[in-house]
Amino acid sequence: MNRTHHRSFKAILFHPTAKGMLLLIPALTALIILFVIPIYRIFHLSLFDPHFTLKYYLAFFQRPVYMRVMWITVKISLIVTAACLFVGYPFALVLSRAGEKLSKLFIVCIILSMCISLLVRNFSWIIILQRSGIVDTFLMKVGLTHHHVKLLHNLFSVVLGMTEILLPYMILPIFSVLKSIDPNLPQAAQTMGARPWQAFWWVTFPLSLPGVYAGFLLVFIMSLGYFITPALLGGAREMMISNMIAFQVQTVLNWHFAAGLSMILLIATLIFYAIFNKAVGLEKLENLGV
Amino acid sequence: MDVNERKIRLIEIIFGVLVSIYLIAPIFVLVPMSFGPARFFSFPPPEFSVEQYVKFFHSAPWWRAIRVSFEVAVMASFFASVLGILTSLAMRYKIPAKGFLNALFISPMIVPLIITAVALYSFFAKFHLVDTIPGLVMAHTILTLPFVIITVSATLKGLDPSLEKAAATLGASPPKVFFKVTLPLIKRGAITGAIFAYMISFDETVVAIFLSSSHAITLPKKMWDSIRFSIEPILPALSTILILFAILMLILLEVLSRKKG
Amino acid sequence: MGKKKVTRREFLKDTAMVTAAAAVGPHIFVRKATAASNKKLVICSYGGSYQASQRKAFFEPFMKATGVKIVEATGPDLAKIKAQVTSGNVEWDVVDIESRIMYTAMTENLLEPIDTNIVKLDTIVKPAIHKYGIGNIAFTTALTYNKKQLKKAPKSWADFWDVKNFPGPRSLQDHAPFNLEFALIADGVNKDKLYPLDIDRAFKKMSQIKGNIDAWWESGAQSIQQLTSGAVVMSSAWNGRVNVAQSKGVPLEIVWEGAAYDWDLWAVPKGTPRKELAMQFIQFALNAKRQAYQCGKLIAYGPSNKLAYNYIDKARQKQLPTYPDNLAKQFSFNSKWWQPRLNKLNEKWAAWKIS
């Protein structure tokens, strides 16, 4: 690389670092103008009105309703993440053990579900769960119940809807880790006298933990900022922090407070993301089917 | 295979099929429903009818929304692809603070959408960009950029840098090297990234809720209004069309990845 | 891409035709607008069957008469108006808003004063006239129920709260105004002595019914949709929309007793570049015959132009909020009381909802 000692301007231009920086300029400019500055303005808005003040952050911690929203957000996120784990892990396991044709079919279903419009998927749950909807009618016809069952606009419908959307983000990392485990290892354990479930519990499961961490954090982080599903499938009590931000901006017109809430959500997300990065590594994101 | 093992297999298959059905439940519900009458939703539909489709095809506002979404998605995916390819190429060189820059470029994917939406809404209002196609294109370019960078970077990782070096030493100019050597090599990653960007932009709802209202209404924004406020009877038909569209995209992606192998 | 060209060409063709029609058309209602046939006007209203009636009665005739292209938007919320006005980027030229929104917008200096040189007010009823907005229709928010879903007919808000005798899920609008009044009436407060509202008492009463509210509606169309589908057995709803659903054969019934009566107004956001055209539209839409067509044939609201009643038949008048018998059973919603408290109470509402 010492060829760059030539004095000409062209030579400087072709210095690898300079070349790299030049290539970076367009996207970096766009990102700074259209992303960094707008978000910085929100940050500024949360602290200045018009002079420096912490009142919008203090309001968050002092008024019980906002702590409640935060608690609801964390609660829903945890339930959804757990649901994804309890459905996603066995499914990934089945997927890794299934024959070629079957596993292909399952994977097509996963990817297809990810390709379908988010609103379409939320809408279908409304149709399925609403009063006199598919499930309600079915339950009454079968005779399991004589009254209408409330299935929509509650915690259940939000968790069902969010899990359907976020499940692939749990399945894919676990599956990719399970797939990479040497099949001889659990087999060896079995030939040494372990029962199949013992072989799974002592050999396969510990080896698959990195996938579990990745899926867990990914789903949890995505849940924290969820907006559409709680708004469409949730009832009064399923107001998550994103919905609160929208409410502050659209109805109450309190931009400063909305900015404060946004910063709190952002900081929470970044903290969990840093943990994710430490535990899993950013560069592995591309293997997660994202 | 003993009986026990066969039983386990069967349970596994049943479980797998059930989860798969759960994942694509919208297809089983909305497709049959779309062929019912347009007056009310009931499942299974009481009679066969294409009324919803007829209504949909004659509805100018819905077509306008589709056109807006199409235009925005094409432009956003184009800009995101160009910027994403350049960035991915840049990342191969020695650059100061590379880790930080990498994280910065991925950040639109990590920052909760509501924050991006609110931030852009307040920022764009200053420049008369709210409710305009350029505003939406800019927002979606930034949102889809990480996906292009990730897919193109993945292709670049497998790329042998000696090919480009060889071309350069043989006297090819940098643009020539790019168009004749690099681009064909990363073509597949770039196309996949562009398709991803297109799909994400076409389906993007949260930012559109804030940025589009009367002039530049995107399809998701119109669907959002319809689901929340009026439940128009054409929604199952529209959903079916979008599902069909998703299947086509899936086939396209599959064909692309086949070529690889 | 070929397809796009065709649509654009068709669009041009359409525009040309509209322009030509306007030029040779015998009825030129608005003087200046004809010259600007490529002009447009953005109007934001409340969507659903209400906006459909406005489209037929006002928007389409206005486009025909002037060649101005009307672009429609829905959901005229205050935040959007504020964002547009404060950024100097006004996209809505005319808005149809409820009176409390008009008062808030007015105090925040977000509206243009009505230009009485263009908008003639001599036949408009008094309560509809304001400096920053002119009443368009009087509407009623009333307890509405689905006859098929209830064995007994509810007669008052007290029945709405009576879950034992009137079982089934209910719905209410997702905000504090109106609901607090209804709660107080259900709690036994005389409808003529509501204001100033006893807020604590109202919220306490609201808490009694909260568990039976299945959905909080945000748009008029949504309330009707829920009642029609049987998702709820009763709900608060806007009488005009109920009337439209009834005419389609949906078994809905209105309870006028204890209902709230209020105005929807035309207003113009401050700083619109098409202010004059906006005023011309308002003048156009206040025309007695056009209002009579909207309220008499399309949707049962009360027109603000006195003369409009001359063109509406007796049977229809009985369905309007402004019909004396109906009026006597209702209370007048007090926007002035609400205006300074709106944000605070909305926030309290949100907190109450999730608690």
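These are my notebook entries on a few things I looked up in this structure, which is a predicted model.

**Entry 1: where chains A and B meet**

I began with chain A and chain B. I found 65 residues of chain A in contact with 64 residues of chain B. Which helices of chain A supply at least two residues each to this side? My list reads H2 (16-47), H4, H5 (100-115), H6 (118-129), H8 (155-180), H11 (228-233), H12 and H13 (255-279). H2(A) brings the largest share, 18 residues. I also sorted the residues on this side of chain A by type: 50 are nonpolar, nine are polar and six are charged.

**Entry 2: where chains A and C meet**

Next I turned to the side of chain A that touches chain C. Here 18 residues of chain A are in contact with 19 residues of chain C. Two helices of chain A, H4 (64-97) and H12 (241-252), each supply at least two residues to this side. Of the contributors, H12(A) gives the most, with five residues. By type, this side of chain A has nine nonpolar, five polar and four charged residues. I noted that H4 and H12 of chain A are also on my list for the side that touches chain B.

**Entry 3: two domains in chain B**

Then I looked at chain B by itself. It is divided into domain 1, residues 3-33, and domain 2, residues 51-260. Taken over C-alpha atoms, the centres of these two domains of chain B are 32 Å apart. The two do touch: five residues of domain 1 are in contact with four residues of domain 2 in chain B. What kind of residues does domain 1 of chain B bring to that contact? I counted five nonpolar, no polar and no charged.

**Entry 4: chain C as a whole**

For chain C I wrote down 15 helices and 10 strands. The chain has 355 residues, and 50% of them are buried. I also checked the contacts in chain C with a separation of 6 or more: 72% of them join residues 24 or more positions apart.

**Entry 5: one residue, Ile299(C)**

Ile299(C) sits in the loop between helix H11 (288-298) and strand S9 (302-303) of chain C. Is Ile299(C) buried or exposed? It counts as buried, because it has 26 C-beta neighbours inside 10 Å, and the cut-off for buried is 20 or more. Leaving out residues up to four places away in sequence, Ile299(C) touches Ser49(C), Tyr50(C), Ser53(C), Gly240(C), Asn243(C), Val244(C) and Gln294(C). I also looked up Arg241(C): it is 58 residues from Ile299(C) in sequence, yet 6.8 Å away in space, C-alpha to C-alpha.

Technical notes:
Residues numbered from 1 in each chain as written. Chains lettered and ligands numbered in written order. Predicted model: local features only at pLDDT ≥ 70, side-chain atom pairs only at ≥ 80, totals over all residues. Contact = placed C-beta atoms within 7 Å. Helix = DSSP H or I, 4+ residues; strand = E, 2+ residues; numbered from the N terminus. Nonpolar A, V, L, I, M, F, W, Y, C, P; charged D, E, K, R; others polar. Domains from an automatic or database assignment. Buried ≥ 20, exposed ≤ 12 C-beta atoms within 10 Å, placed from the backbone.
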